[in-house]
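Please keep the sequence and the model open while reading.

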Amino acid sequence: QIAVQGCCHGALDAIYSHIRSLETRRNYKVDLLLICGDFQAMRNHSDLLCMAVPQKYRQLGDFWRYYTGEKTAPVLTIVIGGNHEASNYLWELYHGGWLAPNIYFLGHAGCVQVNGLRIAGASGIYKSHDFRLGHHERMPYDHGSMRSIYHIREYNVRRLSLLSSPHIFLSHDWPCAIEQHGDLSGLLRRKPFFKSDIECGRLGSPPLMGLLKTLKPEWWFAAHLHVKFEGVFQHGSTTGPGEAAKKEANPDEIEIDDDDDDEPATMIAQNAVPNPSELAVDNGADFLQRSETRFLALDKCLPRRDFLEVIDVPAPLDLPFLPSESLSSTSSASSHAEKPPPKLTYDPEWLAITRAFDEYFSRSQNQAQFPDEETARSRVSQELEWVLTNLVQNKAETSEGGDSTSNGDGTGETTRELLISEHQIFVCTAPGPGSEGGQGRGSRQPTPYTNPQTVAFCGMLGIEDRISPAHPT
């Protein structure tokens with residue numbers, strides 16, 4: 001049972017309370033909560049100054065109590081970022097990490113597994129003028145960088161396009177033109193001011209539609225537009241390898257600035273699908289044959305709004321890179337009244353992509369040219385071998401009754417789950433509210449912090465830590 005939430009806007013208490021109410025009334029147990037952005041992980045009042053919202057919306061919200069340990073998230077929660085965030089804290093965990101105990105941020109882009117269910121996602125929203133730039137923003141943020149930091153980059157779209165098909169994809173933006181694949185007239189009755197944007201092809205994010213067509217997930221969940229909308233995208237003929245890369249963004253398009261609006265406006269959706277080409281590592285499963293993707297967008301957490309829905313997702317049968325012991329625990333869980341907590345693990349393929357594309361990670365406005373499709377495919381395959389050899393497979397002494405594969409030298413190889421909690425451990429990097437010290441009660445933006453989780457992640461993969469403040473400018 002997976003609960004899906006639209007925009008959070010700091011209302012964690014209300015969301016968890018609503019889940020408890022549903023569990024009691026419907027006699028089930030929610031295993032996982034997915035939140036589709038605008039999470040607002042404010043640890044203290046200084047973090048509020050790193051969130052791009054009008055002054056009247058700068059409220060601390062509920063998250064800080066979960067961050068400081070006063071409360072604990074009652075269900076494993078996975079979140080992505082939107083356009084109203086404590087961007088400084090999300091940057092600390094660019095590659096993903098625990099925002100608080102039992103609350104995991106997927107990163108600016110990422111893919112993880114929960115009991116073998118592959119969940120990928122992209123944080124932020126699309127703006128064409130920042131899309132092809134590197135991650136140049138540094139604290140303290142000015143008016144421009146406080147907004148551009150959450151604008152999705154081509155670097156992350158290209159990385160996500162290399163994934164084999166995930167079961168679930170999370171985004172804040174809607175994929176462009178997805179409204180054509182559901183009850184459009186019903187949407188316009190509830191949101192009539194969408195009409196002109198839809199007629200002009202302005203609704204949604206072009207790169208995300210490219211990813212939807214390429215990755216073909218079973219489910220796509222989104223938020224941002226503060227309305228519930230369901231659709232089914234039928235996958236017909238696929239985009240040939242490399243064809244999507246030939247479509248360039250229209251440099252003359254005019255975008256509506258939605259950064260300070262309570263009800264977000266939409267972005268131009270014409271001619272801007274950036275290389276979501278069908279690059280997938282062959283892992284023995286035919287992931288790209290799904291005939292349809294079910295789309296669900298939800299509202300923000302307010303009374304009498306459709307902000308949360310519980311989805312019954314069967315245990316996956318196409319489990320890539322998953323050790324056999326995890327499969328058995330997944331399939332047997334439903335037969336027990338008291339299910340064990342879900343296992344959150346790294347996705348080996350995403351780790352391989354992260355290593356393969358690390359050299360293209362830019363901390364300036366200039367973004368180096370990306371490799372062609374054949375080169376990218378080859379590099380990911382090589383890095384997947386590294387991940388499987390160095391992180392997934394362990395050489396172990398062969399023992400009686402063991403399931404190791406013998407190498408003929410008295411040793412064997414065993415596979416193990418890449419539990420995230422074994423590599424990244426939550427640490428408070430900033431003080432809670434009222435303890436900001438010399439920075440005062442939100443009087444200025446905080447200094448950037450080094451997050452041990454990011455240091456540990458980069459160390460695990462052997463990549464350079466370009467996130468922590470010690471990184472040279």
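In which order do the six strands of the open sheet stand? The order is β4-β5-β3-β2-β1-β12, with mixed pairing; two strands count as paired if DSSP finds at least two bridges between them. The model is predicted, so local features need pLDDT of at least 70 and side-chain atom pairs count only at pLDDT 80 or more, while totals for chains, interfaces and linings use all residues. Residues are numbered from 1 along each chain as its sequence is written, and side-chain values use heavy atoms, with hydrogens and water left out.

**Overall**
- The protein has 14 helices and 16 strands; these are DSSP runs (helices H or I, at least four residues; strands E, at least two), numbered from the N terminus.
- Of the 473 residues, 58% are buried, meaning under 20% relative accessible area with a 1.4 Å probe, protein chains only.
- Among contacts (heavy atoms within 4.5 Å) with a separation of 6 or more, 79% are between residues 24 or more positions apart.

**The open sheet**
- β4 (97-100) and β12 (308-311) are at the edges; each has a single partner strand, so one side of each lacks a neighbour in the sheet.
- On average, neighbouring strands of this sheet are turned by 25° against each other, direction ignored.
- Four bridges join β2 (residues 32-35) to β3 (residues 76-79) in the parallel sense, and Leu34 stands opposite Ile78 in β3.
- Helix α1 (residues 12-26) lies across β1 (2-5), β2, β3, β5 (103-105) and β12, and runs at about 45° to β12; axes are lines fitted to C-alpha atoms, for helices over the stretch in contact, and angles run from 0 to 180 degrees between N-to-C directions.

**Nonpolar core**
- The largest nonpolar core has 133 residues; such a core is a set of buried Ala, Val, Leu, Ile, Met, Phe, Trp, Tyr and Cys residues joined through side-chain atoms within 4.5 Å.
- Residues with the most contacts inside this core include Phe39, Phe63, Leu99 and Trp174.

**Cysteines**
- The disulfide count is zero, with a disulfide taken as a pair of cysteine sulfur atoms within 2.5 Å.
- For Cys8, the nearest cysteine sulfur is that of Cys301, 7.0 Å away.
- Cys8 is buried at a relative accessible area of 0%, and Cys176 is also buried, at 8%.

Notes: Buried < 20%, exposed > 50% of the residue type's maximum accessible area, 1.4 Å probe, protein only.
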